[in-house]
Amino acid sequence: MYPKVRFFLCCFLIIGLLASCQPKDTFDWNAAWSAPKYFACSPTVEYFYQGKSIAGVSSNIGNDPGWGITSGGYVGGEKYKPVPDSITVNWLCEADRYYYKASFRLPREKMLELFQKKVIDSYRVQQEYSLIVAGMAPGGNVTIWMQAGTASTEICKFKTMNKEIWRENDIDYNNFEYKARHSETYINSEMNIFRYLHGIPYSVWEKGEKEYDYDIGFTTEEEDKKDYSIAISGYTKDGSVIYSNEDPIPYIKWNENVKLKVAKGKKLPIQFYIQWISQNDQEWYEAQIVLPNDLENQFIEFQKRYGTDIFLIVGMDKVSDNKTHTFGRVCLENSKEKIEIMKFRAAKLNVEKTRKRKYEVSKYSLPKDFIFPKWQGREPIMFPEFDYWQEK
């Protein structure tokens, strides 16, 4: 046998022996963390197996990627490691300035079963589970997910009591904190406006949100403008970010009911963000659409009366070149029925090549009879000074 052939055969043999020696409950996975949109945290997460630390992730910068969406930070641990049996988490809740720290047992057998399986993600690609994500939310609520590509499976929920108010006796820090929270920038920030409109839904992180079978679609009164670039995303009660199941977003003809099938379900939004831009960038519209308080009840009633394969359709009315805005509407729709649930106003960008490139009117729209929530946070809400259009 040639020496080179013998060498390669030996290499393959060694690799095969190493692979066969790999424990069956040891996998290639990483630790990650998450926080609800508009409710940032600065966490440290550590995973253990039989009392030994095997992986962790931390970040000293507050972030709010969206509930269940992973965020960056320092990650530690070997590439191949056992499935953990416990976790320790600590974080500072920016909303209430509470500091949380706790340890929990994990359902290891359930996690082991998932690591041994493959799953089809939203891109219809077969994936292996490779992330364990710890989400930390106001009220001391913790959720653990396992993720494979874009597929995510909730493993368990925990709840812990706060340890203390962060730096409660530090006079200098408290003076700094007071000035920061009372600054115009903070009060009128998108984060504070969101909290003012939707509150802090503590119970939703403890109990979880229901998912419904529906999708998001788009329509416009002007067929010649259907090729505009359109982006629509939604925020749910628990701070998840949701999109249409399909890419690109399904386009529905203005005067026709949708005849498409819904592939899978998701949580219902409480607010939509839309951006509608012409190919030459000369028409540019944006809107933050606050949805009706009773959207869930309306959805359930629509489903009972008209059946499944429901779409939340965002439609843009015919635009006027000489106005600073245009109007649109949100509808519940399937092949049998179409019900308008609210109108909204979209702000038009001033696209003149000057320093005045801006929106002349507010991008926020509220439905009629919208009820502002009662504030439940420990820190008092700072009421923002923002303009909005409301349906009458």
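In this predicted model, ring pairs join seven named residues into a cluster: Y196, Y364, F370, F372, F383, F386 and Y388. The search of the whole structure gives 27 aromatic pairs.

One of these pairs is formed by Y98 and Y100. The ring centres of Y98 and Y100 are 6.3 Å apart and the planes stand at 75 degrees, so the pair is edge-to-face; planes over 60 degrees apart count as edge-to-face. Y100 has a relative accessible area of 3%, and it is therefore buried, since buried means under 20%.

Another aromatic pair is that of Y214 and F299. Here the distance is 5.9 Å centre to centre, with 70 degrees between the planes, and this pair is edge-to-face. Y214 lies in strand 15, residues 212-220, while F299 belongs to helix 7, residues 295-306. The two residues are 85 residues apart, and the pair links distant parts of the chain. Both Y214 and F299 are buried.

The charged end of K37 is placed over the ring of Y38, at 5.6 Å from the ring centre. For K338, the charged end sits over the ring of W254, 5.9 Å from its centre.

K392 is found in the segment after strand 25, which covers 389-390. With a relative accessible area of 90%, K392 is exposed, because exposed means over 50%. The C-alpha atom of K392 is 10.0 Å from the C-alpha atom of M342, and the two residues are 50 residues apart along the chain.

Technical notes
Residues numbered from 1 in each chain as written. Predicted model: local features only at pLDDT ≥ 70, side-chain atom pairs only at ≥ 80, totals over all residues. Heavy atoms only, no water. Helix = DSSP H or I, 4+ residues; strand = E, 2+ residues; numbered from the N terminus. Buried < 20%, exposed > 50% of the residue type's maximum accessible area, 1.4 Å probe, protein only. Phe/Tyr/Trp six-rings, centres within 6.5 Å; stacked < 30°, edge-to-face > 60°. Lys NZ or Arg CZ within 6 Å of the ring centre and 35° of its normal.
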